[in-house]
Amino acid sequence: MTTETVAARVMTGGEAVAEAMRQVDPDVVPVYPITPQTPIIQTFAKFVANGRAHAEIVNVESEHSAMSAAIGAALAGARTMTATSSQGLALMAEVVYIAAAMRAPIVMALGNRALSGPINIHCDHSDSMLVRDSGAIQLFAENAQEAYDLTLMAPRIAEHPDVLLPVLVCQDGFTITHSAEPVELVPDRAARRFVGGYTVPFPLLDVKSPATHGPFAMPDYYYEVRYQQVAAMSAALDVFEDVAQAYESVSGRAYDVVETYELEDADSAIICLGSTAGTIKDAIDALRRDGERVGLLELRSFRPLPVDRLRSALRNVSNLAVLDRADSPGGRPPLFAEIAAILAGEDVRLRSFVYGLGGRELHPEDVPGILADLVTPGAGPEYVGLRGETCPV
């Protein structure tokens, strides 16, 4: 398949995701508006109104209903996409678990935003972490280009017969959803050929081959159903790799579940999710010019967690800072807890840093301090940017 792209256009991440949705051209989009997700569906709705997309947009009364409608549509045989943020995902959480259990391959754009209270419309990853154990795949974009690309890749991952799980394409609210930058699109025809047609193994409207959907499960079968989700998550890692290779042949852009940056000879490193990776790359470039052996591991797939890839990529790192844009009061921050479990018994100094809650930015000048704190004794987590300084708790 030949690589062909459309000249880059300046657009926000929300607009880029809407363009990807237009090219996927789903059958049904049940949705309820919430900041900062709204521009995604607002832009897509214009495409539908102008005849450039053909989805049935279902205006529901809540996000709980949006995911409920999405499950019904997807299992009936309609390619289904939706979007939400923050409190919307909190209201939807109950049904996200059901979507995964019923193996509904729904693609959802998630504009990451802090959870209340207090009320806050800006970015952190608390909403994603709320549903981390639901059985839904979570892919994190660094910028608008990645948000577009991952949205095109997501249907093939979700709909793969070995997966059949919801896929959340996570993009930092405002930082990505509302910030404009150049984005290269795949031509419409190539994009639609790449995504392909929609099939679901046991459509609920197939009266010739009736199947049971959403049954009550006693202890003799509930365990098996949950384990099937574990197996599907495991399969999703290989499926991501296959889809990424196919997408590279179409777009010329390569993706992996992890991305390393200057990590080969790094003694100290940072691991993070989302748009912060771009900021850290700039800081690492400056530190490298000063002779510092520092690097970055950007985690693109938080669910499924690529355990072996993470362990391999970090095998030579002596000091590792784990950055969480969400906290777990009374416990350990979620990404840190995962990395600590993966690296248990390894000869590496781990430190936990919480940053960016409620949209407070991490600046390039904050990064050297984080790396310096790695080699000093202290209990974690540390809170970066609290009253303008790094304050150990």
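Predicted model: local features only at pLDDT ≥ 70, side-chain atom pairs only at ≥ 80, totals over all residues.
Trainee: What makes the reach of H2 close to the expected one?
Mentor: H2 spans residues 38-49, 12 residues in all. The expected span takes 1.5 Å times one less than the number of residues. That gives 16 Å for H2, and its first and last C-alpha atoms are 16 Å apart, so the reach is close to expectation.

Trainee: Which residues of H2 are buried, and why can we say they share a side?
Mentor: Ile40, Ile41, Thr43, Phe44 and Phe47 are the buried ones. They cover an arc of only 160° around the axis, and therefore lie on the same side of H2.

Trainee: What does the face turned away from that buried side carry, and what covers the buried residues?
Mentor: Lys46 and Ala49, both exposed, sit on the face turned away. The cover over the buried residues includes helix H1 (13-24) and several strands, among them E2 (28-31), E4 (81-84) and E7 (167-172).

Trainee: Let's take E4, then. How do you know that both of its faces are covered?
Mentor: Look at each side in turn: Met81 and Ala83 are buried on one, Thr82 and Thr84 on the other. In a regular strand, side chains alternate between the two faces of the sheet.

Trainee: Why is E4 said to pair with E5?
Mentor: Pairing needs at least two bridges. Four bridges join E4 to E5, so the two strands pair, and they run parallel. Within E5, Met108 stands opposite Thr82.

Trainee: Stepping back, what makes the chain as compact as a globular protein of its length?
Mentor: The chain has 12 helices and 16 strands. Its radius of gyration is 21 Å, close to the 21 Å from the globule rule for 393 residues, so the chain is as compact as a globular protein of that length.

Trainee: And how much of the chain is buried, and how far apart in sequence are the contacting residues?
Mentor: Buried residues make up 53% of the 393. Among contacts between residues at least 6 apart in sequence, 80% join residues at least 24 apart.

How values were computed
Residues numbered from 1 in each chain as written. Heavy atoms only, no water. Buried < 20%, exposed > 50% of the residue type's maximum accessible area, 1.4 Å probe, protein only. Arc of directions from axis to C-beta. Contact = heavy atoms within 4.5 Å. Rg over C-alpha atoms; globule rule 2.2 N^0.38 Å.
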